[in-house]
Every structure is written in structure tokens, then in C-alpha cells.
Amino acid sequence: MKISLGCDHGGFNYKEEIKKYLIEHNYEVIDEGTNSLDSCNYAEFAIKAAEDVANGKADLGILVCSSGEGVTIAANKVKGVRCGIGYNDKVSELLRVHNNANMIAFGALYMDLKDVIKRVDIFLNSDFEGGRHQKRVDTIISYEK
């Protein structure tokens, strides 16, 4: 499975740890940056990672900024992307199971790294349930068109 990563300076350290975890667990990683702690534009990196997911270059995406909010908003502007903040374990699962989300975001200032890594694992190992949820996802996809 190929995972695209994106972050800003506030999420850089967590992104690097997520990347290391993914590589250790045999995921292929596309790192869209940023690549330092220098102040930068979160939207630029979130959109790059979201485009990877939308165009099939990556299967799923993971974003990190200080709060998780900015990168989520930016990613959701890319047609075909459904991104939410994995603010707890259950939501990280439900993003995939109910919403068929293809990206997850985290806020480095408000989440412990160990929890983020756990939620990355939950997200990547959960599958869309379909059924009654398919109709809801289809409504979103239809509106996007």
C-alpha cells in the first residue's frame, strides 16, 4: 500500500515519525513535505498529498499540522478526497468504516505521538463497511461532480 504524507512546520516532527513507522511496516511512502521546521504554507503540502490520493498515485494519505484543522480543510478541497481528523481511536476507525475516508489528519500540538501512531495503524487497517454508508458517501461524490 502506498501512503502520501504532508505536513507543515508544526507537524514536521510527527510526520517524520509516522514516515519511519510506515516504512518499518512495509508501506511505500510518498513524502510531499514540508521537510524542515521552517515556517511554511500548510495548504501547499496538504494539497500535494491530497492530489496524490485523488489521482491514484497513493492509496491513502496522512496529514499533520499543529491543530489538524488547516490541512483537513485544504485536503477536502481536492475533488475525490474525504479527510477527517483522527481525534480519538474510534473516530480514526469510523473515518474508514463509515465515511470511506481516504485521508486522515492529526494535530501535533493536541495529540501525543504514541496516540497518533496508534490511530494511523487503526485507520490503515480498517475497511469501508459499505451498506447503508455507501448511499451517504455516494451523495458526497455526486455533489462533488
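Author: Two strands count as paired if DSSP finds at least two bridges between them. In this predicted model, strand E1, residues 2-7, is joined to E2 by four bridges, and the two run parallel. Two positions show how the strands line up. Lys-2 stands opposite Glu-28 in E2, and Leu-5 has Asp-31 of E2 as its bridge partner. In general, the strands of a sheet pair through backbone hydrogen bonds, and the pairing is either parallel or antiparallel.

The pair belongs to an open sheet of five strands, in which the pairing is parallel and the order is E2-E1-E3-E5-E4. Strand E2 (28-31) lies at one edge and strand E4 (83-85) is the other edge strand, so each of them pairs on one side only. From one strand to the next, the twist averages 25 degrees.

Now the helices. Helix H1, made of residues 12-24, packs on the sheet and touches E1, E2 and strand E3 (60-65). The direction of H1 makes about 170 degrees with that of E1. Together, E1, H1 and E2 form a β-α-β unit, and this unit is right-handed. Another helix, H5 (residues 113-124), lies across E1, E3 and strand E5 (103-107). Helix H5 runs at about 170 degrees to E5. Strand E1 is therefore touched by H1 and has H5 lying across it, with contact meaning heavy atoms within 4.5 Å.

Key:
Residues are numbered from 1 along each chain as its sequence is written. This is a predicted model: local features need pLDDT of at least 70, side-chain atom pairs count only at pLDDT 80 or more; totals for chains, interfaces and linings use all residues. Side-chain values use heavy atoms; hydrogens and water are left out. Axes are lines fitted to C-alpha atoms, for helices over the stretch in contact, and angles run from 0 to 180 degrees between N-to-C directions. A crossover is right-handed if, with the strands pointing away from the viewer, the path from the first strand over the helix to the second runs clockwise.
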